Amino acid sequence: MKYFLAIIGGGPAGYTAAEKASKAGKDVVLFEQNAVGGTCLNVGCIPTKSLLYGAKQYYNATHATKYGVTAENVAFDFAAMQKRKTIVVRKLVAGIKQRLNNEHCTLVSGFAKVISCQPSVVSIECNGETYEAENLMICTGSTNFVPPIPGIKDNPAIWDSTDALAATELPKSIIIVGGGVIGMEFATLYHELGVPVTVIEAMPTILPNLDPDVVQILLDKYRKAGINILTSTKVTKIEGNDVYVESSIKDAEKSRITSTKVLVSVGRRANLNGLEALNDLELNRGAIVIDDFCKTNLPNVYACGDVTGKIMLAHVAARQAEVAVGRMLKQIPLQRIAYNAIPSVVYTNPEIASVGITEAQAAEMNIPIEVNKLPMTFSGRFMAENEGETGLCKVITDAKNHSILGVHLIGNPCSEFIAAASFAVRMGYTTAEFQQVVFPHPTVSEILHEAI
Ligand code: NAD
């Protein structure tokens with residue numbers, strides 16, 4: 001049998017494409033070597049959010065006096081948190097399988113390898129069988145990047161995010177190398193559960209790609225709370241549990257720090273395993289180059305998700321898959337992805353959420369902008385529920401036509417309403433148009449109405 005579409009990788013890109021194409025009546029084969037759901041569902045977004053939620057419950061209970069609540073003998077059971085996380089993941093994986101359960105979708109469990117690729121026929125080998133398809137979609141994702149720091153390899157003290165998620169016990173102390181998204185979410189988890197945390201970040205700030213005003217609020221709070229955050233600091237070597245650092249900050253203390261575990265989270269790299277036969281596939285910095293419809297330079301070969309190195313977010317992967325399948329099915333009008341309106345969230349406490357450009361990006365692009373900043377305390381609901389926090393809502397608009405170009409938020413629960421700002425950026429709304437939208441009162445989302 002020749003399939004219409006073969007998909008390698010069953011993460012958010014792969015399973016979205018499989019569902020969309022098979023529900024359109026096209027025969028699809030989806031290969032997955034681990035569990036469907038990919039990194040996001042099994043060892044990424046969902047398990048971290050499950051654990052973070054447990055940690056937040058504990059943290060809130062132990063910090064409840066500011067709301068007039070006293071809770072004594074509050075304790076947590078990390079093994080129980082892990083068990084709950086596993087159940088959540090299992091249910092969601094089952095849900096994905098259910099979505100793929102139709103007569104046009106074949107799910108193959110195993111490592112798939114491309115054998116040959118000619119126009120209109122791609123051959124793939126998996127578990128000793130050969131599969132043929134008219135189109136190929138590469139959704140192989142990414143893997144944790146291991147930096148060339150002496151002492152990392154084969155060191156039992158070193159964890160990556162997958163190890164950290166699998167651990168049945170909390171470390172007594174932890175050093176986190178890399179103050180990016182993964183690093184700061186794990187810093188939040190361990191800190192809220194009482195583990196002493198040190199974050200080592202090579203750049204002058206943590207979360208270097210985000211709005212600096214928003215990041216500064218988090219940095220100030222976390223440092224005050226006792227998280228040791230070393231910026232402009234590089235790890236030179238690791239010996240057992242000892243991490244040797246070099247700081248470019250004058251008079252910085254300590255060149256050696258020790259902890260029970262060292263979590264290395266310095267980025268992820270595209271996973272190209274199994275694609276060796278695609279000699280002519282165009283790559284850029286180790287990631288697959290795609291056009292606006294997620295087509296690679298090879299005929300009938302598409303790529304979606306982390307493997308494209310575009311923006312490593314599950315929701316980008318899923319949207320890329322929708323666009324690619326739309327193109328394959330020749331759906332009119334053809335859709336593109338609005339990369340300028342991709343929301344992103346960092347699940348720290350408080351949460352950070354943003355969409356669109358930052359002030360720095362506007363300057364690089366020579367776009368004249370106006371910036372409006374408002375503390376979240378302008379929202380009554382925020383005041384009622386976020387004792388001791390100020391939060392921030394920062395809006396960037398085009399100085400000429402007043403369209404909304406970027407929104408940057410810190411304050412709980414901004415992850416839940418950044419989508420409203422995404423909608424405004426995506427549709428190119430002006431501030432006058434956005435002001436016609438009515439927000440429910442009292443909600444923290446009203447801050448958008450106040451600030452825009
Ligand atoms: P990242 O790129 O977000 O952060 C890596 C950090 O490590 C950067 O700040 C970088 O400056 C720093 N760094 C690099 N080398 C270093 C070194 N030798 N010493 C010290 N610091 C160093 O990468 P990540 O946090 O590993 O996350 C990987 C990907 O997964 C990202 O694309 C991220 O967006 C995605 N992700 C998203 C979410 C979310 O949406 N909430 C959660 C987790 C991961």
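A polar contact is a pair of N or O atoms within 3.5 Å; within protein, one must be able to donate a hydrogen and the other to accept it, and residues adjacent in sequence count only if both atoms are side-chain atoms. An oxygen atom of the ligand lies 2.9 Å from a polar backbone atom of G267. The model is predicted, so local features need pLDDT of at least 70 and side-chain atom pairs count only at pLDDT 80 or more, while totals for chains, interfaces and linings use all residues. Residues are numbered from 1 along each chain as its sequence is written, and side-chain values use heavy atoms, with hydrogens and water left out.

**The ligand**

- Around the ligand there are 19 residues, of which I182, E185, E201, G267 and V345 come nearest; a residue is near a molecule or strand if one of its heavy atoms lies within 4 Å of it.
- A polar backbone atom of I182 is 2.8 Å from an oxygen atom of the ligand.
- In the side chain of E185, an N or O atom is 2.9 Å from a nitrogen atom of the ligand.
- The ligand taken alone exposes 850 Å², and the protein buries 76% of that; accessible areas come from the Shrake-Rupley method with a 1.4 Å probe.
- Helix α6 (residues 181-192) gives the largest share of the shell around the ligand, 3 residues; helices (H or I, at least four residues) and strands (E, at least two) are DSSP runs, numbered from the N terminus.
- The shell around the ligand has 12 nonpolar, 4 polar and 3 charged residues.

**The cavity**

- The count comes to 1 cavity of 30 Å³ or more; a cavity is a set of points, on a 1 Å grid over the protein atoms alone, where a 1.4 Å probe fits but cannot get out.
- The largest cavity holds about 50 Å³ of space, a volume being the space filled by probe spheres set on the points.
- Its lining residues, which have an atom within 4 Å of a point, are Y59, T188, H191, E192, K221, Y222, A225 and N349.
- At least two residues of this lining come from each of α6 and α7 (212-225).

**The sheet**

- An open sheet of 5 strands, with parallel pairing, runs in the order β8-β15-β9-β10-β11; two strands pair if DSSP finds at least two bridges between them.
- Its edge strands, β8 (158-159) and β11 (228-230), each pair on one side only.
- Strand β15 (residues 261-264) pairs with β8 in the parallel sense over 2 bridges.
- V262 in β15 stands opposite I158.

Methods: Ala, Val, Leu, Ile, Met, Phe, Trp, Tyr, Cys and Pro count as nonpolar, Asp, Glu, Lys and Arg as charged, and the others, Gly among them, as polar. On a 1 Å grid over the protein atoms alone, a cavity is a set of points where a 1.4 Å probe fits but cannot get out, and a pocket is an open set with protein on both sides within 12 Å along at least five of seven lines; lining residues have an atom within 4 Å of a point.
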